[in-house]
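Morning, everyone. Please have the sequence and the model open. I will walk you through a few places, one at a time.

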Amino acid sequence: MRREIIFGILVSVIGAFALPGCDGGESGGGGTGGADELLLGGDTTVFDASSKAFTFPAAGLTDEGLIKHEEGDGAFEAIFVTSPSPVNPGLGPVFNNNSCQSCHANNGRGKPDDTLTSLLFRVSVPGESEVGGPNPVAGFGLQLQTRATIGTAKEAGVNIEYTETPGQYGDGTEYSLRIPVYNPADPYIPPPVGMLLSPRIAPPIFGIGLLEAIPEDEILANADPADEDGDGISGRPNMVWNLETGQTALGRFGWKANTPTAFQQAAEAYNQDMGITNPLVPDESCLGQTQCDGIDDDPEIPFDTLDDAAFYVQTLAVPARREFDTESRRGEKLFEQAGCSSCHIPVHTTDVHPARNESALNNQVIFPYTDLLLHDMGDGLADRRPDFLANGREWRTSPLWGIGLTKTTNGHTNFLHDGRARNLEEAILWHDGEGKESRDFFRNLKKSDRDALIAFLKNL
Ligand code: HEC
Ligand code: HEC
Ligand SMILES: [Ca+2]
Ligand SMILES: [Ca+2]
Ligand SMILES: [Ca+2]
C-alpha cells in the first residue's frame, strides 16, 4: 500500500515536470490531440498502465487527504462476515457480495458469470416511489440480493442465457452479438408477475471526485431533450433523490445516472450490496421480509467508515492515456467523425468540489469522454425498467477514460451495463436508438479504419 502511494506521488511529480515542455501546440480543446489530452484526469493524473493502474491516489492530495484515502482503501477492501465477529461484522442477512473490492476488483469493472460475483439486478414494479424513483417490489425491494448468510434464504438467483445473433460489417465481414436473457430462479417467495429486472455490472470507480466536480450547469448545457439542434442526439439529465439533503438532485453515477453523489453511492452499496447498515441507510435491506427479524440494529459501520470509503473513490486517480501514435490519433479523428463525441464528450473543466476540501480536484481540465446524460440506446439494450427520469431504453453515456486498460486491470474485455459485449467492437455494435447513426458509421468503415478507432479507445 505504502509503496503504491509513494509511487503514485513519484509518477505525478515526474508527470508535472515532464509535461509542460511538450504542452505547446494544440492544447485543451475538444479532442484535437494536444499534449494535455494525455492527462485524462488533469493534474491529478498518474502514469501507470499496469494491472494496478486504477489503484493510485489522485496526484496532489493534501497530507490529510492521503491519510484519509488510505483509510478508505482499507474500508474498500474490508471483507464483512456474519455477526457476531470481532472484525467487520454485519454481513447480510441478504447480500450480493462481501466487500466493495469483490465487485470492483482492482477498482475496475466486473464481468457476468453464473455465480453473479459482480453482476447485480435492480428490481421494481411499474409505478413510482413517493420520491419519484422506481417502485419497490413487495418482499424484494429495489435490488435482488442473490446471496444470504446461513439460516436465511437469498431473495433469488438469476439464470443467464445468451443467444447469438449474426450481423455484418459494411465490407461483408461477419460478426455475432450475444443477446442475454435473465430469469430469476429459486425465489424465496414467488415474485409478482411482471417484476422488472435491470442487470448492472460493477463499473470502474476511479476519477469519481472529478466527475462530481463538473459544474451542474455544464452538464445541463449539453442536454437537448427535444433535439432542438436536430442532430438526432437528445441527452437528458436524470433527476434523482438525494438522501442527505432530502431533495431532488442531478444524478451522476450508476449506469442510469440514478445516484447523485459518491457518498450516497457508497452508503447504498454498503446497505444493498453487502447488507451493512450505516448512518445514511440505517434499515437492513431485508426489512419487511418474513425471514428478517425486523430488529432495528445500530448502524453496522460508523459514519467515518462510510465517509472514508466515499473519499477513497472520490480521490482515486485517473491513469494517463498512453503515448500518442499515428494509428490512435487517426482513430481519434474517426471517433469525432462518427459522432461518438456527441455523447462521449471528451473534455470538461471541474469547478470546486462540492463536498471535499481537496484543491487537487478543483479547476481541472479532464477527459472523461462522457456527458453524464441519458440517451435512448434502442430496444436491444433496453432494460424496460424506469429509474427516476430514465426510461427503460435510456442509459448514461459511459465514461471512456481508462477503458483501454480493462484487459490489463481486470483480465477481460466485457463491456456495457451488463457486460454482454465481449470486446470494444461489440460494445459499439450494440449502440442503437440515438447511437444508431454513429454505430452505422463505424459498421461501414473499412477494416483498417475500424482498427484505428479501436486503437484510439485502447489508448484511453
Ligand atoms: C455486488 C457488487 C458490488 C459491491 C459489493 C459494490 N459495488 Fe459499487 N457498483 C456495483 C454496481 C453494479 C454499480 C452500478 C450500479 C447501478 O448502475 O445502479 C456500482 C456503482 C458504483 C459506483 C459508481 C460508479 C460510476 O461511475 O457510476 C461507485 C462509486 C461504487 N459503486 C462504489 C462502491 C463502494 C464504495 C462499495 C463498497 C461500499 C461498492 N461500490 C460495493 C457493484 C458493487
Ligand atoms: C447517443 C449517445 C452515444 C453515442 C453517439 C455513442 N455512444 Fe457509446 N455509449 C453511450 C451509452 C449511453 C453507453 C452505455 C450503454 C450501455 O451500457 O448499455 C455507451 C457505451 C459505450 C461503450 C462501452 C463503455 C463501457 O464502460 O462499457 C463504448 C466502448 C462506447 N460507448 C464507444 C462508443 C463509440 C466508439 C462511439 C462512436 C462510434 C459511441 N460510443 C457513440 C452513448 C453513446
Ligand atoms: Ca447487516
Ligand atoms: Ca432486496
Ligand atoms: Ca441534439
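Where does H104 lie? Look in the loop between α3, residues 100-103, and β2, residues 119-128. Before we go on, note that this is a predicted model.

Which protein atoms are the donors of the calcium ion, ligand 4? Here is the list. F140 and Q143 each give an O atom. Q145 gives OE1.

Take the pair Q143 and E155, which links distant parts of the chain. Q143 is in strand β4, residues 143-144. E155 is in the loop between β5, residues 147-148, and β6, residues 157-168. The two are twelve residues apart. Are they buried or exposed? Q143 is buried, and E155 is too.

Next, the backbone. Find the loop between α2, residues 63-77, and β1, residues 94-95. P84 is there. The peptide bond joining S83 to P84 is cis, with omega about -5°.

Now phi. Which residue has a positive phi of about 50° although it is not a glycine? That is D186. D186 sits in the loop between β7, residues 174-185, and β8, residues 196-201. Its relative accessibility is 58%, so D186 counts as exposed.

L416 also has a positive phi, near 75°, and L416 is not a glycine either. Look for L416 in the loop between α9, residues 406-410, and α10, residues 424-429. Is L416 buried or exposed? The relative accessible area of L416 is 15%, so L416 is buried.

On to a helix pair. Two packed helices are described by the angle between their axes and the distance between the axes. Take α6, residues 262-274, and α7, residues 303-314. Their axes come within 9 Å. They cross at roughly 125°. The two helices are therefore oblique to each other. The crossing is right-handed.

Which residues meet there? From α6 come A262, F263, A266, A267 and Y270. From α7 come F303, T305, L306, D307, A309, A310, V313 and Q314. By class, this contact has ten nonpolar, two polar and one charged residues.

One last stop: T326. T326 lies in helix α8, residues 326-337. At 70% relative accessibility, T326 counts as exposed. T326 and T152 are 174 residues apart in sequence. In space, C-alpha to C-alpha, they are 57 Å apart.

That is the tour. Questions, please.

Key:
Residues are numbered from 1 along each chain as its sequence is written. Chains are lettered from A and ligands numbered from 1 in the order in which they are written. This is a predicted model: local features need pLDDT of at least 70, side-chain atom pairs count only at pLDDT 80 or more; totals for chains, interfaces and linings use all residues. Side-chain values use heavy atoms; hydrogens and water are left out. Helices (H or I, at least four residues) and strands (E, at least two) are DSSP runs, numbered from the N terminus. Buried means under 20% relative accessible area, exposed over 50%, partly exposed in between (1.4 Å probe, protein chains only). Axes are lines fitted to C-alpha atoms, for helices over the stretch in contact, and angles run from 0 to 180 degrees between N-to-C directions. Angles under 35 degrees count as roughly parallel, over 145 as roughly antiparallel, 65 to 115 as roughly perpendicular and the rest as oblique. A crossing is left-handed if the near helix is turned anticlockwise from the far one by less than a right angle, and right-handed if clockwise. Contact means heavy atoms within 4.5 Å. Ala, Val, Leu, Ile, Met, Phe, Trp, Tyr, Cys and Pro count as nonpolar, Asp, Glu, Lys and Arg as charged, and the others, Gly among them, as polar. Donors are N, O and S atoms within 2.8 Å of the metal (3.2 Å for Na, K and Ca); water is not among the atoms, so sites may look incomplete.
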